[in-house]
Amino acid sequence: MKKFLSYIIVLFVVIVALLTLQSEDGNFSFDSLIGSDEFEIHFIDVGQGDSTLVITPDKKTMLIDSGTKDSSKVLIDYLKNIGIDTIDVFVLTHPHSDHIGGAVDVIENFEVKQILDSGFVHTSLTYEKYLDKIDEKNIPFTVVKSGDEFSLGDALVLILSPDKPMEDANNSSIVMRVEFQDFSCVFTGDVEAQVEEEIIKSYPNIQSVCLKVAHHGSDTSSSKAFLEAVTPEISVIHVGKDNPYGHPNKDILKRLTNINTKVYRTDLDGTVIIKSDGSDYSVETTK
């Protein structure tokens, strides 16, 4: 009997340890992540870069961007530790290294079923390696445009931009709105005010619960008109601590305050996790 009780105690300790297991950056636990029947968005803390994971209740996954090459281990560890082995849709919003730097490592470590790309051609070695890896793995590759839409399991994805070839990478960013029942979120890449204006002309009804703030909170983006069109209850900024660019810009933070949105920042809050049952939602942070 005593041996049996000892076994039960040891088993209990092991289970508790697993539930509180943390990644190398010490930021998250298993119990708050994969396993629910809710719609989830994980704004992953990859420093000065973007990477966001969308998970539908029927466990379809969409990864939007992959951070920098230097942060790829953090990203890979995070995805593996929450039980991800397949990425149904991998979206690379534009070919700057803080958005596609970890793409090769993602493709190496997970089954990627589909890649969506802005179509903007870049001459960097990072971009060339990304294309080579796609070719090596024979992954279906699609250039999307404004008006395209598709189902991601229980969710609907609408592409808002680009609607035409642009001269710079930032304004070529894939902008999309993801909707799950009454919950929705707009993802903006690094798109700037010029394109924001075009989006709200083409899609005047883009009000959403959540907004991924464009370009790390730079003053190139998040125009007053665009923010008022989206009127998000939650705004999330992917930004690195003590970054050399001054992101997020103070005027942009004030502009966000003026629309009464709750602002989360990965430099201050760590990974930001939003869960929704399609009506209500909750927000968790890892710092």
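Q: Where does threonine 271 lie?
A: Threonine 271 is in the loop between α9 (266-269) and β16 (272-276). Helices (H or I, at least four residues) and strands (E, at least two) are DSSP runs, numbered from the N terminus. The model is predicted: local features need pLDDT of at least 70, side-chain atom pairs need 80 or more, and totals for chains, interfaces and linings use all residues. Residues are numbered from 1 along each chain as its sequence is written, and side-chain values use heavy atoms, without hydrogens and water.

Q: Is threonine 271 buried or exposed?
A: Threonine 271 counts as buried, because its relative accessibility is 3%. Buried means under 20% relative accessible area, exposed over 50%, partly exposed in between (1.4 Å probe, protein chains only).

Q: What does threonine 271 touch?
A: Its contacts (heavy atoms within 4.5 Å) include Phe43, Asp45, Tyr78 and Glu284, not counting residues up to four places away in sequence. A polar atom of its side chain lies 3.0 Å from the backbone nitrogen of aspartate 45.

Q: Next topic: helix α2. Which residues of α2 (residues 72-81) are buried?
A: The buried ones are Ser72, Leu75, Ile76, Tyr78 and Leu79. They sit on the same side of α2, because they cover an arc of only 160 degrees around the axis. The arc is that of the directions from the helix axis to the C-beta atoms.

Q: Why would residues three or four places apart point the same way?
A: Because an α-helix has 3.6 residues a turn.

Q: What do the buried residues of α2 pack against?
A: They pack against β1 (39-43), β2 (52-55), β3 (61-64), α4 (103-109) and β16.

Terms used: A polar contact is a pair of N or O atoms within 3.5 Å; within protein, one must be able to donate a hydrogen and the other to accept it, and residues adjacent in sequence count only if both atoms are side-chain atoms.
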